[in-house]
Amino acid sequence: MKIKLAISALACAAAAPAFAGKPEVVSTYVAIAHAGYEDSLIKARELQAAVDALLAEPSAQALEAARHAWLAARVPYQQTEAYRFGNAIVDDWEGKVNAWPLDEGLIDYVDPSYGGASDENEYAALNVVASPSFLLSGNEVDASQITPELLAETLHEADAIEANVATGYHAIEFLLWGQDLNGTDPGAGNRPWTDYAAADACTGGNCDRRGAYLKAATDLLVSDLEWMTAQWAEGGEAATSLAADPDAAITAMLTGMGSLSYGELAGERMKLGVMLNDPEEEHDCFSDNTHNSHYYDGIGIRNVYLGEYTRADGSVVSGESLSSLVSAADPAVDQALRAGLDNSVAKLGRIKIAAEAGTSYDQMLGGENQTGEALVMAAVDALVAQTQDIQRAVNVLGLQEIGFEGSDSLDNPDAVFQ
Amino acid sequence: MRLALLLAFLPLPALAGVAEAVDDQILPATERFAASAGALAGAAAADCTAPALRPAYQDTFDAWMGMSHLTFGPLERDGRALTIEFWPDPRGRVARTVRGLASEADPVVGDAAGFAQVSIAGRGLMALEQLLYDEELSGYGAGDYPCRYATAIARDLAAMAEAVQAEWQDHSRLMLSAGEPGNPRYLAESEASQALYTALLGGLEFDADQRLGRPLGSFDKPRPRLAEARRSDRPLRNISLSLAALRDLAVALSDAPIPATQAAFEAAQATAGALDDPRLAGVADPAGRLKVEILQQQIRAISDAIEAEIGGALGLTAGFNSQDGD
């Protein structure tokens with residue numbers, strides 16, 4: 001008995017100094033997700049209240065208050081994006097709330113420079129706000145009442161075109177700010193509050209329908225976030241399935257970190273915009289809030305690794321971290337990854353600093369703006385470099401293949417035969 | 001116990017195929033692309049009208065298919081892969097940018113350094129395709145603006161191809177010294193083979209999901225106009241050439257016979273060869289569509305074979321891919 005105890009004590013000491021168990025690491029991950037989606041929901045409800053106030057009594061102040069509520073709502077939501085690529089339940093859902101980029105002419109009036117229907121999207125200039133009925137993919141659509149169901153079930157991704165974004169943060173953003181017609185010059189969208197005014201004061205036409213659209217989109221955002229918050233609560237599907245398979249959960253954590261860092265944020269959202277010199281390639285393009293949406297993506301990636309999240313009310317959710325798990329396997333890999341995450345957050349922070357001091361993200365995309373390009377590309381490089389360290393963490397933990405995001409063949413081998 | 005320990009300290013066999021992949025597939029592909037792009041620039045200097053440039057454009061695109069899957073290292077730097085070929089282009093930016101430059105007769109085409117700062121939608125093979133094959137644009141004469149614009153694109157491509165070739169010389173040394181002290185990029189031998197393995201699977205995924213998946217669209221809404229480089233009749237040719245390059249890479253990377261992988265490549269290449277539909281326009285009718293769907297399934301089956309045969313044997317799994325994301 002005594003000998004056996006001594007051996008097992010020795011074995012523990014040798015194998016796992018200060019070892020954090022995978023189940024504890026996973027429960028931190030789930031707790032942060034739940035807090036993040038719940039914060040997003042709380043802030044979306046505040047946005048909903050601000051929209052209701054705007055529609056009840058339109059004014060410049062009420063529009064400004066709704067814009068502020070939208071900006072605040074983005075802070076927790078963007079931090080949850082680190083959950084997207086590792087978790088099918090999030091990835092399958094996120095298009096409802098954060099689809100981008102959008103052909104905004106689907107929703108409302110646009111400037112003539114926008115152009116009309118395109119080869120790629122014949123509904124790019126449909127203008128639902130101005131159209132109580134229209135033909136869509138050969139079917140007559142009754143849009144006399146603009147409801148959440150109309151947006152979610154008929155208009156969103158209409159004609160199987162992803163740019164037909166009818167719901168979510170960016171549709172609401174467009175309805176609050178309007179098009180940003182300043183190109184790579186200073187200035188965000190400048191929709192007048194009178195776009196929501198009654199009777200003769202109404203500008204842009206169809207103010208009641210525009211208000212109905214804004215209301216429907218905001219209500220839908222709230223209900224979508226209610227659903228996702230429930231998935232991460234105790235007994236929810238996301239929480240339960242991750243707890244049941246901690247190895248798969250750890251893989252999901254690192255997959256989400258790496259895919260958001262590399263292909264999505266560094267590639268699709270940042271590098272592409274710089275290389276196209278195109279302000280439409282800006283994630284929060286109507287509000288000029290892109291510096292924050294990128295920054296909080298970076299914070300969210302680091303949260304997952306450090307097992308720590310600062311809630312919207314200032315309280316902190318924390319617990320056993322992925323970092324401690326990696327450190328137990330290989331301290332050098334952990335150290336490099338922590339340093340990499342700090343570096344990317346710092347580089348994304350520089351973009352935020354410049355933007356808040358008046359040089360907006362779309363200005364940084366200008367073809368002539370070498371300084372802006374350097375600022376954005378430094379963050380891109382940091383994100384690409386940190387992906388290599390995330391990869392090393394995957395390898396030292398001996399995890400199985402990370403998910404290849406977006407591939408039906410690998411996510412779901414049966415899909416190809418359907 | 002002792003055997004297990006010994007095995008644990010044996011060097012991993014993972015480096016086995018890196019030297020072969022570099023020597024047999026990658027470096028020859030970079031040389032060929034540099035030579036073709038150089039010839040394209042030379043042809044433009046002699047005669048920049050569309051009929052005169054088309055053969056060299058086709059050769060250059062052919063050569064590009066030998067390396068478009070190498071999305072890390074020199075092609076990742078400065079976003080070169082995207083600059084050389086900006087595709088997919090879901091918002092039609094290439095057509096808009098090329099027409100914008102042409103309608104303004106933007107003088108930037110006269111200055112190589114300035115042109116290198118132009119939006120990538122106005123540079124590279126896809127922009128050149130607009131000038132050489134679009135019905136409205138391609139009729140320009142030797143003294144017209146588009147002629148100078150095409151020359152600028154050709155020179156820009158040649159410069160990038162040359163830089164990529166030179167940098168691959170360095171990068172291949174980095175891969176071959178993976179895990180040695182002072183190598184900051186590849187900290188272990190397995191990291192170099194994992195990068196190639198990821199590129200291999202990423203290339204197959206791109207062929208199936210993008211090159212075929214985009215024109216396939218959905219059954220109710222096929223999108224033949226979204227096929228890659230359809231104006232220059234390249235959609236099917238690109239698939240065939242890409243498969244050939246990926247097959248060479250797979251063979252080089254493995255240090256054992258890979259019969260299942262070889263058979264899977266053969267099946268897909270045979271289907272592509274028999275398709276007789278250069279633009280993949282057949283996706284719009286049920287019979288033609290079925291053939292393209294079969295090809296897509298066969299390409300996905302290659303990935304499965306590679307994972308079993310090469311991934312399993314070398315202990316490799318795919319890493320993060322620059323095309324992860326939306």
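Modeller: A199(A) is exposed, with 7 other C-beta atoms within 10 Å. A residue counts as exposed at 12 or fewer such atoms, so A199(A) qualifies. Keep in mind that this is a predicted model. A199(A) is found in the loop between helix 6 and helix 7 of chain A. Its phi is positive, about 45°, although A199(A) is not a glycine. Most residues other than glycine have a negative phi.

A160(A) gives a second case. Its phi is also positive, about 55°, and A160(A) is not a glycine. This residue sits in the loop between helix 5 (148-155) and helix 6 (169-177) of chain A. A160(A) has 12 C-beta neighbours inside 10 Å, so it counts as exposed.

Now the peptide bonds. Most peptide bonds are trans. In chain A, a cis bond joins W100(A) and P101(A), with omega about -10°. P101(A) belongs to the loop between helix 4 and strand 1 (133-136) of chain A. In chain B, the bond from W87(B) to P88(B) is cis, with omega near 0°. P88(B) lies in the loop between helix 4 and helix 5 (93-104) of chain B.

Next, a helix. Helix 8 of chain A spans residues 237-244, and A238(A), A239(A) and L242(A) are buried there. These three cover an arc of only 100° around the axis, which puts them on the same side of the helix. An α-helix has 3.6 residues a turn, so residues three or four places apart point the same way. The face turned away from the buried side carries the exposed residues E237(A) and A244(A). The cover over the buried residues includes helix 2 (22-56), helix 4 (88-98), helix 7 (207-232) and helix 9 (246-276) of chain A.

The largest nonpolar core has 214 residues. Among those with the most contacts inside it are A217(A) and L40(B). Domain 1 (14-176) and domain 2 (189-314) of chain B both give residues to this core, so it lies between them. A217(A) touches L151(A), T167(A), A171(A), I172(A) and L175(A), leaving aside residues up to four places away in sequence.

Finally, the two chains meet. 33 residues of chain B are in contact with 32 residues of chain A. Helix 4 (80-84), helix 9 (189-216) and helix 12 (286-314) of chain B each give two or more residues to that side of chain B. This side of chain B holds nine nonpolar, 15 polar and nine charged residues.

Definitions and conventions
Residues numbered from 1 in each chain as written. Chains lettered and ligands numbered in written order. Predicted model: local features only at pLDDT ≥ 70, side-chain atom pairs only at ≥ 80, totals over all residues. Contact = placed C-beta atoms within 7 Å. Helix = DSSP H or I, 4+ residues; strand = E, 2+ residues; numbered from the N terminus. Nonpolar A, V, L, I, M, F, W, Y, C, P; charged D, E, K, R; others polar. Buried ≥ 20, exposed ≤ 12 C-beta atoms within 10 Å, placed from the backbone. Arc of directions from axis to C-beta. Core = buried A, V, L, I, M, F, W, Y, C linked by C-beta atoms within 7 Å. Domains from an automatic or database assignment.
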